[in-house]
Amino acid sequence: MAQKILNAPSDSSKVSQTLEVSRPKARIDWKRVSYLVLGMGVFLAVYYMPGLPDAVDPSGVRFPLTREGKGALAVLLMGVIWWFFEVMPAGVTGLIMGSAQALLHIRDAKRVFSDYMDPAVVFIFAAIVMGMVFAGTGLTRRIAYKILSIIGENTIVIYGGTFFLMAFLSHFMSNTSSAAAIFPLIWAIYSLYRREDVPTRFGKGLFMGMAFSAGAGSMFTLFSAPRAILSIAIFKAVAGRDISFAGYSKYMSLIGWIAIVVIWVFAVVFFRPNRKSLSGLSNRFKEMYAELGPLSQKETLTIIIVTAVVSLLIISSYLPTLKTSDKAALILISTAMIYIFKLMEVKHLEDVPWNIVLFFGGAMSIGYCLWDTGASAWLGVRCVGIFANLHWFAFVILLAVVVFIISNVLTNAVAVVLVLPVGLVMSRYAGVTPEVVFFSISVASAMPFLLIKSSASNAIAFESKQFTAREFFTKGILLSVILFVILAAAIWIIWPALGMHIRN
């Protein structure tokens, strides 16, 4: 065949030359290579550095940094660099972090890789599947159309209605899934408002508010944000206590709803629409809802299964016979029922974002590694001296600020892995309960309001092209300050009123 092409007439030669020229040449991405090398370099520098002095707490107890602990810090820093510069899929970096632990004998391989199927990761998987069945059966659209048909045509009320919709959906699925689900619906609303293809105040308020509401929405339940499950697993390992499904919502959901109201007021104040109403909006969504017809059998079964599992998770927080049952085992009942009643097919498992699941598996693994090797305790005690003279309230707020910054620069899951174990160790010396540290960090990690890349919800909202990265940053700083005021009120007033012990 090759010989025939070579001997073909001149026209064929031209075609061959054209194909040869058009074939893309493989190019080395030197920037990516440099980040890979940077991660490896930092890993080697930390892993092979001379032994560091022991950390000594105020009572004189010594906490050595062992070879394994130093290895854990080296693996963590390498992974953080690769996650930050996105040199490869986050899940692959997560796998490499586990492999490094096993290959360097930092921890036993069986222990390392069991973390990738830790109950927390299994819960995240089951929660993702639950969100998928909501979307797959059309229940998400039905709920959205119904709410949007009720809110009316006043533009200020539309702000509140869309943010309420985001919050409501986030009770049953991750905030990112909620943002992805309602983005096209918000765009449909906005299409009735805009006159030209240019950004407007109403567009900025709608889509920036959507991104901010997604953050607030991650505070409602353990379905709202996978990082909450990761946090609870670390809390249980370090503090020796558990946070129940109902317990998490008890202290977080009120803060989330207050944040939603604040975001609504924020949008009205800074992005007050030029038009007071959108004529025909209610009728449009009523028609769209009517086109869906009555509840299908699949939708009805989805409602029954989700309601039953959520009820079981809540009851398990109080019923002695279920209190010891793992949350992952309880939520997996929903996954089983989804396939028993054929609400999804096996092929839909291919649509599960396994990159995200593996990312959380890697984060879980390195989090446990830091604790098992004593690296978290060493870091925590080393930091005690720095914060020794701080008032307990300033200590808690400062921890929250650190988590807030890391959540914006990296991801909130990484922020939890880095700060929560250290913060829990430090809480023993600061005179505060582990619970107030846990919930303060949970609130702060829900506020990636500064950078577009800080969360998937921010990136989804940015696709509207209604606001710039600079506008998002400046408004995000102001809103973050307001939400820290809410956090302060929670620590001093709200959480104690709900029964949380703040001081040891």
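User: Which element gives the most to the lining of the second largest cavity?

Analyst: This is a predicted model. In it, α15 gives the most to that lining, with three residues.

User: How is empty space inside a protein found?

Analyst: A probe the size of a water molecule is rolled over the atoms, and this shows where empty space is left. Here, a search of the whole structure finds two cavities of 30 Å³ or more.

User: How much space lies in the largest cavity?

Analyst: About 50 Å³ lies there. The second largest cavity holds about 30 Å³.

User: Which residues line the largest cavity?

Analyst: Find Ile124, Ala127 and Ile128, which are among them.

User: How does the lining of the largest cavity divide by class?

Analyst: Eight residues are nonpolar and one is polar.

User: Let's turn to helix length. What should helix α13 span?

Analyst: Take 1.5 Å a residue. Helix α13 covers residues 245–270, which is 26 residues, so it should span 38 Å. The end C-alpha atoms of α13 are 36 Å apart, which agrees.

User: Where is the kink in α13 centred?

Analyst: Look at Met252. The kink in α13 is centred there and is about 35°.

User: Now a single residue. Is Asn408 buried or exposed?

Analyst: Start with the cut-off: buried means under 20% relative accessible area. Asn408 has 2%, so Asn408 is buried. This residue lies in helix α20 (residues 392–409).

User: What does the side chain of Asn408 reach?

Analyst: The side chain of Asn408 reaches the backbone oxygen of Met447, at 3.3 Å. A polar contact needs a pair of N or O atoms within 3.5 Å.

User: What should I take from the two cavities?

Analyst: Compare the linings in the viewer. α7 supplies at least two residues to the lining of the largest cavity. α7 also gives two or more to the lining of the second largest cavity.

Terms used. Residues numbered from 1 in each chain as written. Predicted model: local features only at pLDDT ≥ 70, side-chain atom pairs only at ≥ 80, totals over all residues. Heavy atoms only, no water. 1 Å grid on protein atoms, 1.4 Å probe; cavity = no way out; pocket = protein on both sides within 12 Å on 5 of 7 lines; lining within 4 Å. Points joined across faces, edges and corners; volume = space filled by probe spheres on them. Helix = DSSP H or I, 4+ residues; strand = E, 2+ residues; numbered from the N terminus. Nonpolar A, V, L, I, M, F, W, Y, C, P; charged D, E, K, R; others polar. Expected span 1.5 Å × (residues − 1). Bend = angle between axes of the 7 residues up to and from the residue. Buried < 20%, exposed > 50% of the residue type's maximum accessible area, 1.4 Å probe, protein only. Polar contact = N/O pair within 3.5 Å; in protein donor to acceptor, adjacent residues only side chain to side chain.
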